Amino acid sequence: MDSKMKTSLQSLQHLFVALILIPKGYDKIAHHYNLIGWIILLMGIVALGYFIYQKTVKRSNHFLAIGMHLFESIALFLTSYVYFIEGKRFLPYITAIAGIGFLIATIVHLKHNRKTEEL
């Protein structure tokens, strides 16, 4: 897979996270769960902002990427918890798996960054 396509796919994952978090946050606010709703909504807006940043700047910042992967992992785990509380059947597992994926991406970025610093 060429570098341009890989970068494009990596940026799309941030858009997908935003598309999960923003409607869920809005839904919680609409059902009078303001605190958790605003937290999830703002996390989604941050993920969307990072997606727009990546598309605008078109270069990678390793420290920002590490931070965003960790941030999105936490956001997806929180959303998974909310889905569990709501009694959803499959969504909690999907978001938990995605959260684990972002946690793995954080670890991979950290290891890659350390290898680069050692050279």
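Visitor: Why is Ile104 described as partly exposed?

Guide: The term rests on relative accessible area: buried means under 20%, exposed means over 50%, and partly exposed lies in between, with a 1.4 Å probe and protein chains only as cover. Ile104 has a relative accessible area of 49%, so it is partly exposed. Please note that this is a predicted model, in which local features need pLDDT of at least 70, side-chain atom pairs count only at pLDDT 80 or more, and totals for chains, interfaces and linings use all residues. Residues are numbered from 1 along each chain as its sequence is written, and side-chain values use heavy atoms, leaving out hydrogens and water.

Visitor: How many helices and strands does the chain have?

Guide: Helices (H or I, at least four residues) and strands (E, at least two) are DSSP runs, numbered from the N terminus. The chain has 4 helices and 0 strands, which gives the pattern α-α-α-α along the sequence. Its C-alpha trace spans about 50 × 25 × 25 Å along the principal axes. Of its 119 residues, 34% count as buried.

Visitor: How does the span of helix α2 agree with its number of residues?

Guide: The expected span is 1.5 Å times one less than the number of residues. Helix α2 (residues 34-57) has 24 residues and should therefore span 34 Å; its end C-alpha atoms are 34 Å apart, in agreement. Among the buried residues of α2 are Ile40, Leu41, Met43 and Phe51. Just after α2, Lys58 takes a positive phi of about 60°.

Visitor: Which residues does Leu78 touch?

Guide: A contact means heavy atoms within 4.5 Å. Leu78, in helix α3, touches Ile36, Ile39, Ile40 and Met43, leaving aside residues up to four places away in sequence. With a relative accessible area of 22%, Leu78 is partly exposed. Between C-alpha atoms, Leu78 and Ala96 are 8.8 Å apart in space, while 18 residues separate them in sequence.

Visitor: Which residues form the nonpolar patch on the surface?

Guide: Patches are made of residues with over 30% relative accessible area and no salt bridge; like charges are joined within 9 Å, and nonpolar side chains (Val, Leu, Ile, Met, Phe, Trp, Tyr) within 5 Å. Here the patch consists of Leu70, Ile74, Phe77, Ile100, Leu103, Ile104, Ile107 and Val108, with about 670 Å² of accessible area together, computed by the Shrake-Rupley method with a 1.4 Å probe, only the protein chains shown counting as cover for residues. The elements giving two or more residues are α3 (62-86) and α4 (91-118). Helix α4 gives the most, with 5 residues, and Ile104 lies in this helix.

Visitor: How many salt bridges does the structure hold?

Guide: Side chains of opposite charge can pair when their charged atoms come close. A salt bridge is a side-chain nitrogen of Lys or Arg within 4 Å of a carboxyl oxygen of Asp or Glu. The structure holds 3 of them. Asp27 meets Lys24 at 3.3 Å, N to O; both lie in helix α1 (residues 3-30), 3 residues apart, about one turn of the helix. Lys24 also pairs with Glu86, the closest N and O atoms being 2.7 Å apart. That pair links distant parts of the chain, Lys24 in α1 and Glu86 in α3, 62 residues apart. Lys28 likewise forms a salt bridge with Glu86, at 2.9 Å between the closest N and O atoms. Shared partners join Lys24, Asp27, Lys28 and Glu86 into one network.

Visitor: Is Lys24 buried or exposed?

Guide: Lys24 has 6% relative accessibility and therefore counts as buried. Lys28, at 9%, is buried, whereas Glu86, at 28%, counts as partly exposed.
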